[in-house]
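Biologist: Can you walk me through the aromatic side chains in this one? I have not looked at it before.

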Amino acid sequence: MRKNYNYEKRKYIIGGFIVLIACIFLVRLFDLQLNDEKYKRSADSNAFLKKTIYPSRGLIYDRNGELVVFNQPAYDVMLIPRDVQPFDTLDFCQTLNITKESFEKRIADMKASAGYSSYTPQRLMSQLSAQDYGRLQEKLYRFPGFFIQKRILRQYKQPTAANVLGNIREVSKADIERDDYYAPGDYTGDLGIEKSYEQYLRGEKGVEILIRDARGRIQGRYEDGANDLEPISGRDLRLSLDIKLQQYAESLMVGKRGAVVAIEPSTGEILCMVSMPNYDPTLLVGRQRGENYAKLVQDESWPLFDRALMGAYPPGSTFKPTQGLIFLEENIIDLTTAYPCSHGYINGGLRVGCHGHYSPLPLKPALQTSCNAFFCWGFKAMIDRRSKYGSSAKAFEVWKNHLVSMGYGYKLGVDLPGESRGFIPNAKFYDKFYREGRWSANTIISVSIGQGEILATPLQIANLGATIANRGWFITPHVVKEIQDTVMPDGMLDRRYPTVRSEHYEAVAEGMRMAVLGGTCTKANISGIEVCGKTGTAQNPHGKDHSAFMGFAPYHEPKIAVAVYVENGGWGATFGVPIGSLVMEKYLKGSIGPERKYLEDAMLNTHVAYAAPTKK
């Protein structure tokens, strides 16, 4: 009989098809058992309930060991959607003092959130009051699938230093994507040291594993807690701030806009950092945080804007010591070089005004009297000296680089978020504006006295005071003195040396001492303390001039350097000098002498009027 090859082929085709189907089933079975997390979660959730245990956040103390920020318990209402059984919704809402409509909206929002899963704990309400927590705890057995999660919130001993301390907020989607430590509903540092030291403060979360029976009821801890993970508390921080000095400086700035920064020169530790207007940090704690934050954002005085390290201001005459240092370093002047002042700088039809004093005068008396003309002439002698530099642009780059080495034009690197770099232009900036080779010292003469395009932060100005106090070096300013059981980050405590040699700083310090003894800073004179200072009256095209001061004390072995900036405060001697000297006296002596109480009272009780918001 003849063989039918068509039937033979069909046999192999059908067999191959059966093998293919079997392979598909085997692959899918393998995928379901080993790779599909959905079924794994389902199996795990049937047998176990994993509850996160949140660690205690690190405490924050000031430099003297006084507690500044601590923790208080808070409670969130959690549920596992698949475990929720029919319950009395009205009773539940009355227990938590919410409406049924609010409850339904919360459920809808929860289901619409990115991290929603019916197998994992979801947050329904956060930060219960003690009363609501107590009522719910008594009735919790009536609401299967619901439980209470303990959290940690921040509390503050005093309503001060909000711009330095920062606060905590709920994590965003971006936070979760950036760091797998976080899960929806967690909290993270927001602003201030809470943000910059988040990884030290937050600690490590723990886990408690509970076992269920076949009906999903909790039977106790799995293997008596052998697989639980205990939370690890965050590390405590000791700040460099003197919280009492911070409070005092804030009181002097009430009714004013601006900043006060004080630094310990030998360590770079920030003793106080005031930004005014400020706000009570407790406003950003609790269930009203969102509403209060919105109000602060809308406030036209910008209390969330940290003027101490974000405000970029014209430094005015506080900038003049840098000019004296550069001129000495570049051999443009020596200590006997004198320039004329005819009530200002007059050259080629250009005039920069100045107040009355004797003329001509050298560097130290120029600092003493804050002579504009001296520093304009010195700047012209440097920038237009083509025999030495080749061009004004090349001379200007040398000038700029000296300033950068002193901490201007770039971020200093303070251990706080949001620092501004200020602004120091380079030669290309002016080449673009005036065209290359078409500008000279007279074109930009105002920068020599801290005006024009020059912008600096109060932190940078205070750092200059610390550098002069140290006679030629500084340590990056920082607000954290110690981290519990941890060394400070690399480089933070290293000395930084500007390009101006240390031998030139003594003359500048002496000129600043002369300014206090018989110049523009006489209000800074404190009995028994040799204060050095430099006023600044910064021109403001939007209104009244700004009042500024930069100084340090004592003259020998200095303990504090201070910068004060009061927006629209007028002359430097009006607000800058008194506030700066009072901060020094309070820190060095502990109290204000009776002969200077009148000055303290004036600063405490004088407000400055503003015609319009002045955010920089």
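Modeller: This is a predicted model. One place to start is Arg421, which lies over the face of Tyr410, 4.3 Å from the ring centre.

Biologist: Which ring does the charged end of Arg202 sit over?

Modeller: That of Tyr181, with the charged end 4.0 Å from the ring centre.

Biologist: Now ring against ring. How many aromatic pairs are there in the whole structure?

Modeller: The search finds 25 aromatic pairs. Take Phe319 and Tyr408: their planes are at 85° and their centres 5.7 Å apart, so this pair is edge-to-face.

Biologist: Where do Phe319 and Tyr408 lie?

Modeller: Phe319 is in the loop between helix 11 (289–298) and helix 12 (320–329), and Tyr408 is in the loop between helix 16 (392–405) and helix 17 (427–434), so the pair ties together parts 89 residues apart in sequence.

Biologist: Is Phe319 buried or exposed? And Tyr408, buried or exposed?

Modeller: Phe319 counts as buried because its relative accessibility is 0%. Tyr408 is buried too, with a relative accessible area of 0%.

Biologist: What about Phe429 and Tyr430, why is that pair edge-to-face?

Modeller: Because their planes are at 90°, and over 60 degrees counts as edge-to-face. The ring centres of Phe429 and Tyr430 are 5.2 Å apart. Phe429 counts as partly exposed, at 33% relative accessibility, whereas Tyr430 is buried, at 1%.

Biologist: Which residues do ring pairs link into a cluster?

Modeller: Phe319, Tyr408, Phe429 and Tyr430 are among them. The cluster also includes Phe379, Phe396, Trp399, Phe423, Phe433, Tyr434 and Trp439.

Conventions
Residues numbered from 1 in each chain as written. Predicted model: local features only at pLDDT ≥ 70, side-chain atom pairs only at ≥ 80, totals over all residues. Heavy atoms only, no water. Phe/Tyr/Trp six-rings, centres within 6.5 Å; stacked < 30°, edge-to-face > 60°. Helix = DSSP H or I, 4+ residues; strand = E, 2+ residues; numbered from the N terminus. Buried < 20%, exposed > 50% of the residue type's maximum accessible area, 1.4 Å probe, protein only. Lys NZ or Arg CZ within 6 Å of the ring centre and 35° of its normal.
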